[in-house]
Amino acid sequence: MVDVLLGLQWGDEGKGKIVDFLANQYDIIARFQGGPNAGHTLYLKDKKIVLHTIPSGVFHEKLLNVIGNGVVIDPVSFKVECEEIESLGVNLQACMLISERAHLILPTHKALDKASELAKGMNKIGSTLKGIGPTYMDKTGRNGLRVGDILKNDFLERYQILKEKHLTILKQMNMDLQVDVEETEFFAAIAALKKYQIIAAEYWLNEQIAAGKKILAEGAQGTMLDIDFGTYPFVTSSNTVTAGLCVGLGIAPKHVGKVYGISKAYCTRVGSGPFPTELDNEIGEKLRKLGFEFGATTGRPRRCGWIDLVALKYACMINGVTDLIITKADVLDGMDSVSVCTSYQMYGQSTKQFPYDINEANLSPEYTQIPIWDKALSDCKTQSDLPENFIKLLEIIQQETSVPIAFVSNGVGREQLILLQGN
Ligand code: IMP
């Protein structure tokens, strides 16, 4: 059986902490899409750790961690990340398995990412510039290099062909590039990558399922950044939704069990693109400050706004969410009141449907306001401690999404997670 945990907003929902919390219930944690654009933050005895490509189960003994075929790997940043984790005493050679079918990010993919963003000018996506888009383009364009290729005799030759192709495109975009330094780093990192277990992960995972092992598939980014269902073209280049795990790991839909959907109690977005409930004012500024909303991968300030239940309901539908988890609820303690978007006003009509083409000029969120609670959520330990007005907020979320809330996270600490009984 495979359960999946994924973000329901524009990423940064606090997935790392929840995977870390649930990890003990599983035998295997598997990443199925994305790459070093992700930043999953964990706290290990007060030490902050940000994982980018490595699955979030590596600090749990007995757990195995899989990087699936749907992931794109930058050997250079992966080497740095592995060395950091290994310096903390984790034996990655023993506990991490990499699909031979995962695609490689080349130095020139990163250059293409930059060139593409520059060319877009005002319309740039706000990419993390990790080479994600160009690598997935080469994958679907059938030009890409995969992890399994590094073990073949013709790898260097195939690398040169793809690099030359990229350099020609870059030249056409007025970027005359030398990649000698990056290339030396790249090949040193390829040598390091060979130390790890490179396997036919789809076979291995299905054997584990047949043997009764439990897998947790760990999503990266969020549903509203999905290449098909997100706010296109301001999205990432992979399928971040539940269906993505089937193609990103080679696991059939019949094996999928629980779908944990993570949403903050408010909303954030990094990079460009529509964000109907954005607060481009002092209230948004306050949320950013209280929630420490700065990108885990790029350090960029995140755009902040109220929770958007039109988008959340859409995300629950696309993913088939069975269990909602609301994170960073304690951040709202510092606000004067809380607003919840329950519908949009578009062209003079109220709608609860997430539109194909968000034109913010013609769209305004309709809010329900909740007075702030009289007790700090960060001090609550159990469900019965939760203040009435916060419960009202949870009830509205459940009513609009038709999905029960399983947990509320009310602080960064591992123990700051409240189980909601009867849900
Ligand atoms: P890319 O995936 O780096 O190409 O970036 C595409 C868009 O997705 C940009 O708006 C990024 O800011 C956003 N993005 C990518 N990865 C993450 C993530 O892990 N968290 C939040 N936003 C992300």
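This is a predicted model: local features need pLDDT of at least 70, side-chain atom pairs count only at pLDDT 80 or more; totals for chains, interfaces and linings use all residues.
Let's start with the ligand. How many residues surround the ligand? The count is 16. The closest are Asp12, Asn37, Thr128, Thr236 and Arg300. What is the make-up of that shell? It divides into 8 polar residues, 6 nonpolar ones and 2 charged ones.

Take glycine 126 to begin with. A polar atom of its backbone sits 3.3 Å from an oxygen atom of the ligand. Then serine 127. Here the side chain takes part: one of its N or O atoms is 3.3 Å from a ligand oxygen. Next, glutamine 221. An N or O atom in its side chain lies 3.3 Å from a nitrogen atom of the ligand. And how much of the ligand does the protein cover? On its own, the ligand has 470 Å² of accessible area, and the protein covers 96% of that.

On to the helices. A quick reminder: two packed helices are described by the angle between their axes and the distance between the axes.

Pair one is helix 4, residues 107-120, with helix 6, residues 155-172. Their axes are 9 Å apart, and the packing angle is about 20°. Angles under 35 degrees count as roughly parallel, so helix 4 and helix 6 are roughly parallel to each other. Their crossing is left-handed.

Pair two is helix 2, residues 75-86, with helix 7, residues 180-193. These axes come within 8 Å and cross at roughly 55°. That makes helix 2 oblique to helix 7. Left-handed or right-handed? The crossing of helix 2 and helix 7 is left-handed.

The crossing of helix 11 and helix 12 is right-handed.

Last topic: the backbone. Most peptide bonds are trans, and most residues other than glycine have a negative phi. Two places here deserve a look.

Where is the cis peptide bond? It joins tyrosine 232 and proline 233, with omega at about 5°. Proline 233 is placed in the loop between strand 10, residues 215-218, and helix 9, residues 242-249.

The other place is asparagine 174. Its phi is positive, about 65°, although this residue is not a glycine. Where does asparagine 174 lie? Look in the loop between helix 6 and helix 7.

Note on methods: Residues are numbered from 1 along each chain as its sequence is written. Side-chain values use heavy atoms; hydrogens and water are left out. A residue is near a molecule or strand if one of its heavy atoms lies within 4 Å of it. A polar contact is a pair of N or O atoms within 3.5 Å; within protein, one must be able to donate a hydrogen and the other to accept it, and residues adjacent in sequence count only if both atoms are side-chain atoms. Accessible areas come from the Shrake-Rupley method with a 1.4 Å probe; for residues, only the protein chains shown count as cover. Ala, Val, Leu, Ile, Met, Phe, Trp, Tyr, Cys and Pro count as nonpolar, Asp, Glu, Lys and Arg as charged, and the others, Gly among them, as polar. Axes are lines fitted to C-alpha atoms, for helices over the stretch in contact, and angles run from 0 to 180 degrees between N-to-C directions. Helices (H or I, at least four residues) and strands (E, at least two) are DSSP runs, numbered from the N terminus. Angles under 35 degrees count as roughly parallel, over 145 as roughly antiparallel, 65 to 115 as roughly perpendicular and the rest as oblique. A crossing is left-handed if the near helix is turned anticlockwise from the far one by less than a right angle, and right-handed if clockwise.
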